[in-house]
Amino acid sequence: MCDSASPNQFAQKLDSYIDSLTHKKENLIGVLHYAQEIYGYLPDNVQWHIAQRLDIPSATVYGVVSFYSFFTMIPRGEHVVNVCTGTACFVRGAEKLKEELENQLKIKAGETTPDNLFTLETLRCVGACGLAPVMIVDGEVHGRMHEAQDINEVLAKYRPES
Amino acid sequence: MSTQVYTISRILNYEHGVSTKEASPKEGKCHMKLKNTDALNELQAQSLKLLESRQVIDSVGTKNAQGLVRHVMVCGGPGCHSSGSPRIAERLEEELNKRGLTEQIKVFQPGCFGFCEKGPMIEIFPDNVTYCEVSEEDVTTIVEEHFIQGNLVEHLVFMDPNTKERFATNIPFYDGQLRIALRNVGYIAPENILEYIAADGYQALAKVLFTMKPFEVIDVLKQSGLRGRGGAGFPTGTKWEFTRKSEADQRYIICNADEGDPGAFMDRSVLEGDPHSVLEAMLIAGSAIGASEGFIYVRAEYPAAIHRLKIAIAQAREYGLLGKGILGSDFCFDIELKLGAGAFVCGEETALIHSIEGARGEPSVKPPFPAQKGLWGKPTCVNNVETLANIPPIILKGAEWFSAIGTEKSKGTKVFALAGKVNNVGLVEVPMGTTLRQIIFDIGGGIKQRKTFKAAQTGGPSGGCIPTKYLDSPIDYESLTAIGSMMGSGGLIVLDEDDCMVNIAKFFQEFTMDESCGRCTACRVGTKRLYEILTKITEGKASLEDLDNLERLCHIIKDTALCGLGQSAPNPILSTLKYFREEYIAHVVDKTCPAGVCKHLLKYEITDKCVGCTLCVKKCPMHCITGTVKKRHIIDQERCLKCGACMDQCRVVGAIICH
C-alpha cells in the first residue's frame, strides 16, 4: 500500500506489533490482519516471517491465509472495485453490473488491470440493500448501478486525470 | 461527570481511530468508576436530560417547537451512510453554526431507522417530524424553512405511493412493528454511554448482580422462551444452563457477530446502533454462567461496527462496568474483540471457536457441544447478537412480559432485513407470528413496479423459498421449517415474476460451494456436483435423470454433512423443487426459462416490424445477423451468443423479441 516505505520499516512495525501481544499464537489472525494492512497483501516471505516470530509451522500460517477470503497473497491494484453479490443485489441485477465492469475494465473478477489501477472483486452484502445493485470502490458505496453510463462515471472519478 | 452532548464532528472522525474523550481516559476527564447501584442510578438521573428532547409523547407542532432545544437525528444506518448521510449531518452543523443555532439545535448520528428505501432520513425532535430522501442540497431549505420559519418542508415528507397521502409522523412502515432488540437503535447516540445509561442501560446488570442468583437469571430466560436468533432457534436459557452445569475452572461467553448471510444486516445494525446492549447482555451471561471472559467475534467487513464496539468497550471499562469488581460486587468480567476474516462457515459455533483460537475456521463434530468443551477446551456459551440484545429488557420487564409476545413456541420478536423486489426495503422488527403478507404488503408496501409476488426467500443459503400459498401462515421457527424453509438469521428477500427459481437455487448453491470449508466430503464435493447439475439445467443441457439425481444428492448431503452449513446447503434446491418443480421441468424438457432469465435458453428473433436499419448487424459481436438495408434481418440461431446486444441497440419497438 505505502510504496514509499522500505520493507524494513514494515518488518519493524510488524515485529513491534507482535511483541506487544501477550498471547501470540492465538492471535495469528489478528497478526495477519495487521500484516495485510501494512504490506497490502501477504507474500510468502511475510508468512514465513510471521511463522518464525509466532513459533508455529509456516504450513499453519499458509493454511490460515488460504482459508479466509479476506487474506490475499496477490498484490491488489491501487483501487479495489467490489461488486456486492448478496441476494438483494443479485435479484436486482448484480450479475449485469459485474459483467459491465468486466467489460469496461477489460478484466475478470479477481483480476487486476495491467496498469495496476483497478482490482475487480466480489463480496457478499454490505447492508446497503435499499441501493441495490451496489458497487464499492475503496470502501465507498455507489448505489443503483443499473446503467453502463453511471458505472463509467464512477470509474472515471478514480482514473488519474490525463 | 461529563454530560456533554455528543456532536457529529467527533462521530465523523471514526475512520481515524478512537479519539474520543469517552474512549480514552488519558485525554479527557477521568471518570469515576461506578462503585454501586446508587452511583449508577445517580448517573442515570443526571443523564436523563440528554434524551429529554427526544421523548415525545404528544408531538409538538413545528411552530410550537420554536425556541425549544431540538435534536436532529440523522440516520447513520448502513444504507443511509452509503447514500451520504454523514455529509448531510456535517452540512447541517455548518449551517446551524453559521446562524448561531448550535446551542439550540443539536445534530446526532444514531444507528439505523430501518426505513432504508427512503434514505437518507432525518428525524427532528420534539417536533417529531421525519424527512425522507434528504440530500445535501436540502440542508439549507430545512434550516431556513423548518428551523427558522417554523414550516414543514412539504416535499421531503413521506408520501404513500398509492394513496398520495403525506405523513410527517407515524409513517405506515412502522405500523405493526415492535422494537425490542432494536429498542435503542436509531434513538440513542451509540458512541455515548451516558445516553445508553439514560435509556435504562446497565440497570438489568445491576438487578442481576445484586438481587438475583445465577440460577434465577437462567430460570427467567427459560421461562421467557427466548430462542437463538442466529437461525437454529435453540432455547437460550437451556444453553446457559448447560454451560453453567459443566464443571470447569474457567468458562467463556462468545457473542457471534459473524453475520454472513448475503442480504442480512440485522446484527450489524444492532452493533452500530446500540453496542452497549450487547455488552450488558454478555455481562449478564457471564455472571449467570460463571464466566469472567467474553469474546465478540465480528466480521472484519464491518469497520463501523468494530469501531463502535471498541468505543463502547473502552467506555464501559472507564465506568467500571467491565473489569474487576463491577459496580462494587465481586464479579469480574472483561470482553475482547476478535475479527473474522471472511469465512461464512465461521458463523457455525465450533468453526467460530477454532477461528478465535487462531486456526482455520473448520467445524468439528458435536458432541461434545461447546457448552461442554468449547474455547480452549473450556465450557463456552455462544450467543448471537440479536439474541443478546433481547436479554436486558427481559431481565428488567420479566419473563411474562416477553412470553406474552409471539406464538406458542416462538416468543418475542424477530428482526428481518427486508430486501429484494419490495417497495420498502428496510429493517423491520415484528412479533413472532406476524404473517409474510403483513411484512411484505403492509410494512413492505408491496412489490416494486406493481409486479406479481412469486416467492419470499428466508434463511439465506440455508433456507428456502416460500410460495404465494403460504403468504398467510404466521412466521415462527416451527412453521417456517414445516414449509421447507427456516428462520435463519433474518434475511427476507422478496422475489417477483421476473425471477427464475432455478437460477436463484443456483445462486445459493454457488455461495455454499464457495464457502464450503472442505472438511467433509459430502459438502466439499456434494455442493460442487449440485452446482454442476444446476448449471446444466440452466443451460438447457439436462435430462429428467439429472433432475432425479439432483434431488437424491440433496438428501444424501442433508444426511451426511458434518455441520449446519452442509446439512442445510440443499435447502434452496429442495424448496424450489417442491414448490416450483414446473419451472425445473420447463428448463429440462421444454428447454425454456419461463421467467426469461437463463441466457442459454433465450431465443432472440427479428420480427416483421424490422425496418432494416442495420444497427443490430453492426453491433452483433458474432456477426451472425444478416440482412440488407431496409429489408428484415435474420439472426443465425446456431451462432447466436444470446448477449442481447442487438435488442439493446434496436430502436423499433417489437422488432427484436426475446423469448
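Biologist: What should I know about numbering and confidence before I start?

Modeller: Residues are numbered from 1 along each chain as its sequence is written, while chains are lettered from A and ligands numbered from 1 in the order in which they are written. The model is predicted, and local features need pLDDT of at least 70, side-chain atom pairs count only at pLDDT 80 or more, and totals for chains, interfaces and linings use all residues.

Biologist: How many helices and strands are there in chain A?

Modeller: Helices (H or I, at least four residues) and strands (E, at least two) are DSSP runs, numbered from the N terminus. Chain A has 7 helices and 4 strands, and along the sequence they follow the pattern α-α-α-α-β-α-α-β-β-β-α. The C-alpha trace of chain A spans about 50 × 40 × 25 Å along its principal axes.

Biologist: At what angle do α6 and α7 of chain A pack?

Modeller: Two packed helices are described by the angle between their axes and the distance between the axes. Axes are lines fitted to C-alpha atoms, for helices over the stretch in contact, and angles run from 0 to 180 degrees between N-to-C directions. Here α6 (residues 94–105) and α7 (residues 148–158) of chain A pack at about 55°, with their axes 10 Å apart. The two helices α6(A) and α7(A) are therefore oblique to each other, given that angles under 35 degrees count as roughly parallel, over 145 as roughly antiparallel, 65 to 115 as roughly perpendicular and the rest as oblique. The crossing of α6(A) past α7(A) is right-handed; a crossing is right-handed if the near helix is turned clockwise from the far one by less than a right angle, and left-handed if anticlockwise.

Biologist: Which residues make that contact?

Modeller: Residues are in contact if their C-beta atoms, placed from the backbone, lie within 7 Å. From α6(A) come A:Glu100, A:Leu101 and A:Gln104, and from α7(A) come A:Ala148, A:Ile151, A:Asn152 and A:Leu155. By class, the contact of α6(A) with α7(A) has 4 nonpolar, 2 polar and 1 charged residues, where Ala, Val, Leu, Ile, Met, Phe, Trp, Tyr, Cys and Pro count as nonpolar, Asp, Glu, Lys and Arg as charged, and the others, Gly among them, as polar.

Biologist: How many residues does each chain give to the contact between chains A and B?

Modeller: Chain A gives 31 residues and chain B gives 36 residues. On the side of chain A that touches chain B, the elements giving two or more residues are α2 (28–39), α4 (58–67) and α5 (87–91) of chain A, and this side has 17 nonpolar, 11 polar and 3 charged residues.

Biologist: Which residues does the UniProt annotation "binding site" cover?

Modeller: According to the unreviewed UniProt entry, the annotation covers A:Cys84, A:Cys89, A:Cys125 and A:Cys129. These residues are spread over 46 residues of sequence, yet they cluster in space, with a largest C-alpha distance of 9.5 Å.

Biologist: Is A:Cys84 buried or exposed?

Modeller: A residue is buried if 20 or more other C-beta atoms lie within 10 Å of its own, exposed if 12 or fewer, and partly exposed in between. A:Cys84, in strand β1 (residues 79–84) of chain A, counts as buried because it has 30 C-beta neighbours inside 10 Å. A:Cys125 lies in the loop between β2 (118–123) and β3 (135–137) of chain A, and with 29 such neighbours A:Cys125 also counts as buried. Not counting residues up to four places away in sequence, A:Cys125 touches residues including A:Cys84, B:Pro262 and B:Phe265.

How values were computed. Two residues are in contact if their C-beta atoms, placed from the backbone, lie within 7 Å. UniProt positions are given in the numbering used here, feature names are shortened, and annotations may be inferred rather than shown by experiment.
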